[in-house]
Amino acid sequence: MTDTFILQELITDNLPFTVHNVKIDTFICQRDLPLLFLTHYDSLPKNIKTDKPLGDFFAHATQKMTTHEANALLGLPPNTLKPATHVKITGTSVIVLHDFPLALHLQFTNTAKETQIHYGDDLPQFIQGEAKNFLLSGNVNVLHKSTTKTLISVDLSDDEYLITPQESYSRLPNSHALAVTQILNTLKYKSPQALDYLTIAVVAKVMEHFDNHVG
C-alpha cells in the first residue's frame, strides 16, 4: 500500500522545508542603460513638463535612449535628467522536505520586466529590497524517489499529473509549474514568515554576489 500526497498541499502545510542551495544566473547592475523616452520624460519635474509638453515629442515616446540622448532631444542642460541604475536578478534555488523526501528546483527573479530601475545613491539597500521581493516563476523540477508514496500535482484547472518516482529531477508540465509558483508567491505575499527560510537564503546569496562583483 502507498500513501497519496498532493504536491501543492505539501508546500502550504507548514512542513519543514529547508534550502539546499541558491545560485545566481543573471545579475545586471548597470547605470544608464537605454530606456524608453517616455520613461525619461515621466521622471521630469512638473515645471519642465509644462514648458516641454509631451505632445511635442510624442513621435519619440517608444524610442530607447540613454539619459544623455534624452537630455539632448529635450534641449535640456546636461544632468537635468538623472541616470538610473538598472537591476535584473535571476537565479535558482532547491528547497527540500527531508521527511518525505522531496526536492523542488525553482526559478526566481526580481522583476518580470527587462530590468528594475533605481534613482538615488542607496544602491545596496535597493538591491536588498529587490532580492527580498523576489518572485518565483518558470520551470519547476521535482525530485521524488520514494516508491512507498504516491505524489500527484494538481494545476489551477484541477487537472492531475502523476509524478513518478525516479532517481533524477523531472520537469513539471507548465500548468503544474504555474500552480506551484503561484501558490508559493501567494504564500510569500500573504504569510511571508512561511517562506522566511527561502527569503533569507536568497537575500544572503544576492548580497554576497553584489558585494563581490559590484559593491
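Predicted model: local features only at pLDDT ≥ 70, side-chain atom pairs only at ≥ 80, totals over all residues.
User: OK, which residues do ring pairs link into a cluster?
Analyst: Phe 37, Tyr 41 and Phe 57 are joined into a cluster by ring pairs.

User: How are Phe 37 and Tyr 41 arranged in their pair?
Analyst: The pair of Phe 37 and Tyr 41 is tilted, with 6.2 Å centre to centre and 40 degrees between the planes. Phe 37 and Tyr 41 sit four residues apart in helix H2 (residues 37-42), so about one helical turn separates them.

User: Are those two buried or exposed?
Analyst: Phe 37 is buried, at a relative accessible area of 0%. Tyr 41 counts as buried too, at 5% relative accessibility, because the cut-off for buried is under 20%.

User: How many aromatic pairs does the structure hold?
Analyst: Four aromatic pairs. One of them is Phe 5 with Phe 100, an edge-to-face pair at 5.2 Å centre to centre with 80 degrees between the planes.

User: Where do Phe 5 and Phe 100 sit in the chain?
Analyst: They're in distant parts of the chain, 95 residues apart. Phe 5 is in strand E1 (residues 3-6), while Phe 100 is in the loop between strand E5 (85-97) and strand E6 (102-109).

User: And how accessible is each of them?
Analyst: Phe 5 is partly exposed, with a relative accessible area of 25%, whereas Phe 100 is buried at 6%.

User: Which charged end sits over the ring of Phe 100?
Analyst: That's Lys 149, whose charged end is 4.7 Å from the centre of the Phe 100 ring. There's also Lys 188, with its charged end over the ring of Phe 134, 4.4 Å from the centre.

User: Back to E1. Which sheet is that strand in?
Analyst: E1 belongs to an open sheet of three strands, in the order E1-E10-E11, with mixed pairing. From one strand to the next, the twist averages 30 degrees.

User: Remind me, what holds strands of a sheet together?
Analyst: Strands of a sheet pair through backbone hydrogen bonds, either parallel or antiparallel.

User: In what sense do E10 and E11 pair?
Analyst: Strand E10 (residues 149-154) pairs with E11 in the antiparallel sense, over four bridges. Ile 152 stands opposite Leu 162 in E11.

User: Switching topic: where's His 20, and is it buried or exposed?
Analyst: His 20 is in strand E2 (residues 18-31), and it counts as exposed at 58% relative accessibility.

User: What does His 20 touch?
Analyst: Leaving aside residues up to four places away in sequence, His 20 touches Val 94 and Val 96.

User: Now the big picture. How many helices and strands are in the chain?
Analyst: Seven helices and twelve strands. The radius of gyration is 22 Å, well over the 17 Å that the globule rule gives for 215 residues, so the chain is more spread out than a compact globule. Its C-alpha trace spans about 75 × 40 × 30 Å along the principal axes.

User: What share of the residues is buried?
Analyst: Buried residues account for 40% of the 215 in the chain.

User: And what about contacts across the sequence?
Analyst: Of the contacts between residues at least 6 apart in sequence, 71% join residues at least 24 apart.

Key: Residues numbered from 1 in each chain as written. Heavy atoms only, no water. Phe/Tyr/Trp six-rings, centres within 6.5 Å; stacked < 30°, edge-to-face > 60°. Helix = DSSP H or I, 4+ residues; strand = E, 2+ residues; numbered from the N terminus. Buried < 20%, exposed > 50% of the residue type's maximum accessible area, 1.4 Å probe, protein only. Lys NZ or Arg CZ within 6 Å of the ring centre and 35° of its normal. Contact = heavy atoms within 4.5 Å. Pairing = 2+ DSSP bridges. Axes fitted to C-alpha atoms, helices over the stretch in contact; angles between N-to-C directions. Rg over C-alpha atoms; globule rule 2.2 N^0.38 Å.
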